[in-house]
Amino acid sequence: MSAQPDHAPVLPDPPAPTAAAQLLAQLRESNRASTWVPAFEQDWARALEDSRHSYSLSPLHDVVRTWQARLAAAPAVDAFLAGGCDDSDGVDLADVLGTRP
């Protein structure tokens, strides 16, 4: 008998090789470019260094996925804030997306 599960967990598909460049172009066009572009570049640099040490592309994929989620959620966040709703009980994005072990 084997102690291994009979199924493998489904891993998300890795982003396309050009996903980071396309994402950066979208961030530069957004109304939040002055804050988001430097933050993305900092996250990317940190993930690139982690990838160099671990020989894994996972840190880079995680950065792309996280920023894609932020960019996709931006219109909903704008609508929420424009509606005058109370956002004092907000949740940190890291709590929603989780952190990679």
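The model is a predicted one, and six salt bridges are counted in it. Among the contacts between helices, α1 and α2 pack with their axes 8 Å apart at an angle of about 155 degrees, and the buried residues of α1 pack against both α2 and α3.

- Asp 78 and Arg 32 form a salt bridge in which the closest N and O atoms are 2.3 Å apart. The pair links distant parts of the chain, since Asp 78 belongs to helix α3 (residues 58–82) whereas Arg 32 sits in the loop between α1 (19–29) and α2 (33–54), 46 residues apart.
- The two partners fall into separate accessibility classes: Asp 78 is partly exposed, with a relative accessible area of 32%, while Arg 32, at 18%, counts as buried because its value is under 20%.
- Asp 43 forms a salt bridge with Arg 70, with the closest N and O atoms 3.8 Å apart. Because Asp 43 lies in helix α2 and Arg 70 in helix α3, this pair ties together parts that are 27 residues apart in sequence.
- Both of these residues are partly exposed, Asp 43 with a relative accessible area of 21% and Arg 70 with 27%.
- Asp 43 and Arg 70 are also linked with Arg 46 in a network of salt bridges.

- The side chains of Glu 49 and Arg 52 meet in a salt bridge, at 3.4 Å from N to O. These two residues are three residues apart in helix α2, so about one helical turn separates them.
- An α-helix has 3.6 residues a turn, and therefore residues three or four places apart point the same way.
- Glu 49 counts as partly exposed at 35% relative accessibility, whereas Arg 52, with a relative accessible area of 52%, is exposed.

**The two faces of helix α1**

- The buried residues of α1 are Ala 19, Ala 20, Leu 23, Leu 24 and Leu 27. Because these residues cover an arc of only 130 degrees around the axis, they lie on the same side of α1.
- The face of α1 turned away from this buried side carries the exposed residues Ala 21, Arg 28 and Glu 29.

**The contact of α1 with α2**

- How are α1 and α2 oriented relative to each other? Their packing angle is about 155 degrees, and because angles over 145 degrees count as roughly antiparallel, that is how the two helices are classed.
- On the α1 side the contact is made by Ala 20, Leu 23, Leu 24, Leu 27 and Arg 28, and on the α2 side by Ala 33, Trp 36, Val 37, Phe 40, Glu 41 and Trp 44.
- By residue type, the contact of α1 with α2 divides into nine nonpolar residues, two charged ones and no polar ones.

**Val 77 in helix α3**

- Val 77 has its place in helix α3, where it counts as partly exposed at 38% relative accessibility.
- Between Val 77 and Trp 44 there are 33 residues in sequence and 24 Å in space, taken from C-alpha to C-alpha.

Technical notes: Residues are numbered from 1 along each chain as its sequence is written. This is a predicted model: local features need pLDDT of at least 70, side-chain atom pairs count only at pLDDT 80 or more; totals for chains, interfaces and linings use all residues. Side-chain values use heavy atoms; hydrogens and water are left out. A salt bridge is a side-chain nitrogen of Lys or Arg within 4 Å of a carboxyl oxygen of Asp or Glu. Helices (H or I, at least four residues) and strands (E, at least two) are DSSP runs, numbered from the N terminus. Buried means under 20% relative accessible area, exposed over 50%, partly exposed in between (1.4 Å probe, protein chains only). The arc is that of the directions from the helix axis to the C-beta atoms. Contact means heavy atoms within 4.5 Å. Axes are lines fitted to C-alpha atoms, for helices over the stretch in contact, and angles run from 0 to 180 degrees between N-to-C directions. Angles under 35 degrees count as roughly parallel, over 145 as roughly antiparallel, 65 to 115 as roughly perpendicular and the rest as oblique. Ala, Val, Leu, Ile, Met, Phe, Trp, Tyr, Cys and Pro count as nonpolar, Asp, Glu, Lys and Arg as charged, and the others, Gly among them, as polar.
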